[in-house]
Amino acid sequence: MSQRLDYLKDLENVIPDLEKKANRARKWILKMTTEAGSGHPGGSLSVVDVLVALYFRVMRHNPLNPRWEDRDRLVLSKGHAAPALYAVLAMAGYFPEEELMTLRKLGTRLQGHPSMRLTPGVDMSTGSLGQGLSVGIGMALAGKLDRRDYRVYVLLGDGECQEGQVWEAAMFAGHHRLENLCAVVDNNKLQLDAPTDKIVSVEPLAPKFEAFGWNAIVINGHDFKEILMAFREAEKVRDRPTVIISNTIKGKGVSFMEGVVKYHGKPLTPEQLKAALEELGGDVE
Amino acid sequence: MKWKYANMRDAFGKTLVELGKKYPQIVVLNADLSSSTRTHYFEKEFPERFWNVGVAEQNMMGIAAGLATTGKIVFASTFAMFATGRAYDQVRQSIAYPALNVKIVASHAGITVGGDGASHQMHEDIALMRVLPNMTVIVPADFYETRKVITSIVETGGPTYVRMARTDTPMIYDEDYVFRIGKADLLSDGDDVTIVAMGLMLSKAIEAADELKKEGISARVINMSTVKPLDDKIVEKAARETGGIVTAEEHNVLMGMGSAVAEVIAERYPVPIKRVGIPDVFGESGESEELMEAYGLTVKNIVEQTRLVMKMRE
């Protein structure tokens, strides 16, 4: 076991650094999906700030020892946001950044959806929606049983919360007061076909989780101060799991992608990519 | 034939307690059927390593996967219907694909569930599990084989499906029986024809071979308790040496053990084959034995199918 970072310290220097990293990750997300010719850029751009905060500030982990038993775990239950996870893992040092451009290509370690058997740093294979919270529960139960103080983070999508298994898991985690479990709903309010509230509304999310015995925090998921403060609050709650309802914008960071449904599962053309990278301040250096 | 009877579920529950003492990393999950699956014995002995998830099989399989990522040996138990049907995608995505060490031990498989009827009579579980890459599929035949199977799978990593019946079953083996994953057991040798059986059809296969002996037919009897990986060598050898095969299983004739055997002989050494099993229909309520009778899972039917195989060869 090791001490946790006081990650609310020195925010005036930390936040600009995290913003820089998130900007770089966004460029990689767009570059790798365009190179692959498929993938899910919209939901990757909405969740990437939370991932950057987790891997560069909040989580206790070691890229040189991806299977470290005391590491904090992350389950990307919305597995289609794999490009965001891969970008952050590469930047954290789990594998070379150049490898990101092999996304979805035959023989790659970077599958369309995460595979724990192939990619260093990936803690669980996901892709079929609705399953990650249950997996996170299993990790959290093992942590308590073995008296390890690691924390488990599960990233869900708002559309994903239409899956019944999410609520089976929410009920179990609340009942067992799994305070070492923290879920984040990347609430970008759009799903594949249309806005979530036009298909089947999942709102209000916070009271739903509260009714299942969770502590709920609502934040702007693109504001690093709010993100970091929410994770700190979650750590302090010792009698129940915490869900962070992270209000985000799908396609965040690229003006012509923001809030546009079709970028759920469609990469940019090479011309659009050029324009997007310009908006983000130029190609990856 | 006079058989002694015992229950495989008791063998499972009690063996699990013994193994729990030896292996602190064993944890057990159940979905509101702990007395039916006999995992309540483990719960009593090791309450801190047991979780009843309630009526939520999909969640149970996900939790099992998460526990397994940390190095636990995880047992997840419920009825065969819910373990493989209700939670199929969870077993596929969260257990089989990442090849996690989860042992799905299901009870109440097949028509002998009895009175509960078609909703609970699972005849498709072997089919569903054997098409999953990384999955080992085992169907013990009796009390002692169940004990040996449960002990073996703890010693081997990886996703495994074990299928048990609800009813008491004839005792074929004793404590000295040696079970090896992927190795079929030759119960009696014979030259004229081979009967390959699994689960509670094994005692009927043995009885059928005795009947055939009276007619001067020497039938080889094989217990194919591991359906995957299938012991293809013993099947090919039987095809070569006896020239005809009858399979017997309490499962849909489609995609079960009989189909697995047929795949091997079709590719390696084609000989006549007949498959005894549920004829691709849903079941119904009734007593176990009368249901076996009604759906042709009988000694008589095995004997008849054997005669047909021998006729096809002429």
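# Salt bridges, a buried helix and a chain contact

Student: Which class does Arg268(B) fall into: buried, partly exposed or exposed?
Tutor: This is a predicted model, so the value is computed from predicted atoms. Arg268(B) has a relative accessible area of 36%. Buried needs under 20%, and exposed needs over 50%. Since 36% is in between, Arg268(B) is partly exposed.

Student: How many residues apart in sequence are the parts tied together by Glu236(B) and Arg268(B)?
Tutor: Glu236(B) belongs to helix α10 of chain B. Arg268(B) belongs to helix α11, residues 257–268 of chain B. The pair therefore ties together parts whose separation, in residues, is 32.

Student: Helix α10 of chain B also holds Glu241(B). Which residue meets Glu241(B) in a salt bridge?
Tutor: Side chains of opposite charge can pair when their charged atoms come close. Here the N to O distance is 2.8 Å, and the partner of Glu241(B) is Arg220(B).

Student: Now chain A. Where does Glu97(A) find its salt-bridge partner Arg24(A)?
Tutor: The two side chains meet at 2.9 Å, N to O. Glu97(A) is in the loop between α3 and α4 of chain A, and the pair links distant parts of the chain, 73 residues apart. Arg24(A) is in helix α1 of chain A.

Student: How many salt bridges does the rule count over all chains?
Tutor: The pairs Glu97(A)–Arg24(A) and Glu241(B)–Arg220(B) are examples. By this rule the count over all chains is 32.

Student: Which residue just after α3(A) takes a positive phi?
Tutor: Step past the end of the helix. The phi there is about 105°, and the residue is Gly93(A).

Student: How many disulfides does the structure hold?
Tutor: Take Cys161(A), which is buried at 4% relative accessible area. Its closest cysteine sulfur is in Cys182(A), 14 Å away and too far for a bond. Cys182(A) is in no disulfide. Over all chains, the number of disulfides is zero.

Student: How many residues from chain B and from chain A take part in their contact?
Tutor: The two chains bury about 2,100 Å² between them, 58% of it on carbon and sulfur atoms. In chain B, Trp51(B), Asn59(B) and Gln93(B) lose the most area, together 25% of what that side buries. Chain B gives 26 residues, and chain A gives 28.

Student: Which side chains form a salt bridge between the two chains?
Tutor: The rule finds one salt bridge across this interface. The distance is 2.6 Å, N to O, and the side chains are those of Asp146(A) and Lys72(B).

Student: Which element gives the largest share of the side of chain B that touches chain A?
Tutor: The interface holds 13 residue pairs in polar contact. β3, α4 and α6 of chain B each supply at least two residues of that side. The largest share is nine residues, and these come from α4(B).

Notes:
Residues numbered from 1 in each chain as written. Chains lettered and ligands numbered in written order. Predicted model: local features only at pLDDT ≥ 70, side-chain atom pairs only at ≥ 80, totals over all residues. Heavy atoms only, no water. Contact = heavy atoms within 4.5 Å. Buried area = accessible area lost by both parts, 1.4 Å probe. Salt bridge = Lys/Arg side-chain N within 4 Å of Asp/Glu carboxyl O. Polar contact = N/O pair within 3.5 Å; in protein donor to acceptor, adjacent residues only side chain to side chain. Helix = DSSP H or I, 4+ residues; strand = E, 2+ residues; numbered from the N terminus. Disulfide = S-S within 2.5 Å. Buried < 20%, exposed > 50% of the residue type's maximum accessible area, 1.4 Å probe, protein only.
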